[in-house]
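Here is a friendly walk through one structure, part by part. Please keep the sequence and the model open as you read.

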Amino acid sequence: MRADVESLNAEIKQSLELLRRHLDWDVANVRLEELNARVEDPSLWNDPAEAQKIMRERTRLDDAIGAYKRLEAELRDMLELAEMAEVEGDESMIDDAVANLRRVRDEAGEAEVKALLSGEADGNDTYLEVNAGAGGTEAQDWAEMMLRMYTRWAERKGYKVELIEDSPGEQAGLKSATILVKGLNAYGWMKTESGVHRLVRISPFDSNARRQTSFASVWVYPVVDDAIEIEILDKDLRVDTYRASGAGGQHVNKTDSAIRITHIPTGIVVACQADRSQHKNRSQAMSMLKARLYERELQIREEAAKATEETKTAIGWGHQIRSYVLQPYQMVKDLRTGAETSDTQGVLNGDIDRFMAAALAARVEGGGAEVSDLD
């Protein structure tokens, strides 16, 4: 059999085996049978919230198990086709089989990643905050580059991005910014991006063209719906109003419509200046605070269960999760998983799926596998 067929066969089998492992195959099939039985029970629909939760879990398992069975069958068919074409010496048929095997490989990889998105809030929309580290303009420019990277990644996924708040730097870049990313599994994909990101490059702001190292931190937390009860007491809040930043001119915001809310017991601070209405900004800020407190609770649960806790352990300035080196060589490397690529421009333009997938796998498996440059 041709080498490319054998190589693709090995890659697909590896992805399918990982998919089985992530699903916990036997347990997943038993659970799907249980969920199918519950869906057929008319009394389930007496509680719409519980019914929706059951239907979401059922759909996720049914899709994942169905994808595995379909891809396994397609792999078997394509290998049989390739063997028959080789015996007959039909090169065009072999090329067709190879093309279909590549498609199956890509779909198996996607199914494997989707199986990792099974956390309690993984399917939700998400907030993402970027904060510049120490270093003035250099770090603030890096923060703006990161915000653009995540915005472009989200657009590639077909997600909608809304700017909630930003604080411009004195000369360039951003001191901080918060965006809302809307789309299926937005939080599941982005949750492992929380932490400190390090940039090494020749500074565009240094007349001597010296190499500089800059840091920016990212925090990701899920949007939570009204079905999740988060108790927030008025006495625990400090609410500050301030004038939203803008470009100036006749349309400059002349009222203190921007809102900053501090949750005193936890020290969590959220801010919103997306709207001219102080009332709407306050409502949005309260939603963000609720989401941050929920994310904090998820982290506490993970700690109690001795699960991986990348967000909490990586957010300190001494704990970088990824390095982006533009000089003296080109390399982006995730320090948790070993995933790396020399395509730095692709990464900065939003091609970061490889890092997210590796980090998700590491979170599930409790360790990371080396992932080198991908096509």
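## Helix α5

Helix α5 is mostly covered, with 15 of its 20 residues buried; buried here means under 20% relative accessible area, exposed means over 50%, and partly exposed is in between (1.4 Å probe, protein chains only). Helices (H or I, at least four residues) and strands (E, at least two) are DSSP runs, numbered from the N terminus. From its first C-alpha to its last, α5 reaches 29 Å, close to the 28 Å expected at 1.5 Å a residue; the expected span is 1.5 Å times one less than the number of residues. After α5 comes Gly158, with a positive phi near 80 degrees.

A word on the basis of all this: the model is predicted, so local features need pLDDT of at least 70 and side-chain atom pairs count only at pLDDT 80 or more, while totals for chains, interfaces and linings use all residues. Residues are numbered from 1 along each chain as its sequence is written, and side-chain values use heavy atoms, leaving out hydrogens and water.

## The whole protein

The protein has ten helices and eleven strands. Of its 375 residues, 45% are buried. The accessible surface comes to about 19,100 Å², and carbon and sulfur atoms hold 47% of it; these areas come from the Shrake-Rupley method with a 1.4 Å probe, and for residues only the protein chains shown count as cover.

Among contacts (heavy atoms within 4.5 Å) between residues at least 6 apart in sequence, 66% join residues at least 24 apart.

In soluble globular proteins, nonpolar side chains tend to be buried together. A nonpolar core is defined here as a set of buried Ala, Val, Leu, Ile, Met, Phe, Trp, Tyr and Cys residues joined through side-chain atoms within 4.5 Å. The largest one has 46 residues, and Met146, Met190 and Tyr324 have the most contacts inside it. Helix α5 (residues 137-156) gives the most to this core, ten residues in total. Domain 1 (3-117) and domain 2 (126-226 + 316-365) both contribute residues, so this core lies between them; the domain bounds come from an automatic or database domain assignment.

Which residues does Met190 touch, not counting those up to four places away in sequence? They are Thr126, Leu128, Tyr150, Trp153, Val181, Val220 and Met356. A second, separate core has 33 residues, including Leu32, Ala82, Ala85 and Ile94.

## Thr126 in strand β1

Thr126 is found in strand β1 (residues 126-132) and is buried, with a relative accessible area of 0%. Beyond residues up to four places away in sequence, Thr126 touches a set of residues that includes Ile179, Leu180, Ala186, Tyr187, Met190 and Pro222. A polar atom of the Thr126 side chain lies 3.0 Å from the backbone oxygen of Tyr221.

Helix α3 (residues 48-88) has 41 residues, which should span 60 Å at 1.5 Å a residue; its end C-alpha atoms are 58 Å apart, in agreement. Just after α3, Gly89 takes a positive phi of about 70 degrees.

Met93 is found in helix α4 (residues 91-116) and is partly exposed, at 22% relative accessible area. Leaving aside neighbours within four places in sequence, Met93 is in contact with Leu81, Ala85 and Glu88. Met93 and Ala82 are eleven residues apart in sequence, and their C-alpha atoms are 7.2 Å apart.

## Leu237 in strand β6

Leu237 is found in strand β6 (residues 237-242). Is Leu237 buried or exposed? Leu237 is buried, with a relative accessible area of 13%. His263 is 26 residues from Leu237 along the chain, yet their C-alpha atoms are separated by 4.9 Å. Other residues that Leu237 touches include Ile232, Ile261, Met286 and Leu289.

## Backbone details in the loops

Two residues other than glycine have a positive phi worth a look. Asp24, in the loop between α1 (3-23) and α2 (25-39), has a phi near 55 degrees and is partly exposed at 43% relative accessible area. Asn185, in the loop between β3 (174-182) and α6 (186-190), has a phi near 70 degrees and is buried at 17%.

Finally, the peptide bond from Gln327 to Pro328 is cis, with omega near 5 degrees. Pro328 sits in the loop between β9 (320-325) and β10 (331-334).

Technical notes. Polar contact = N/O pair within 3.5 Å; in protein donor to acceptor, adjacent residues only side chain to side chain.
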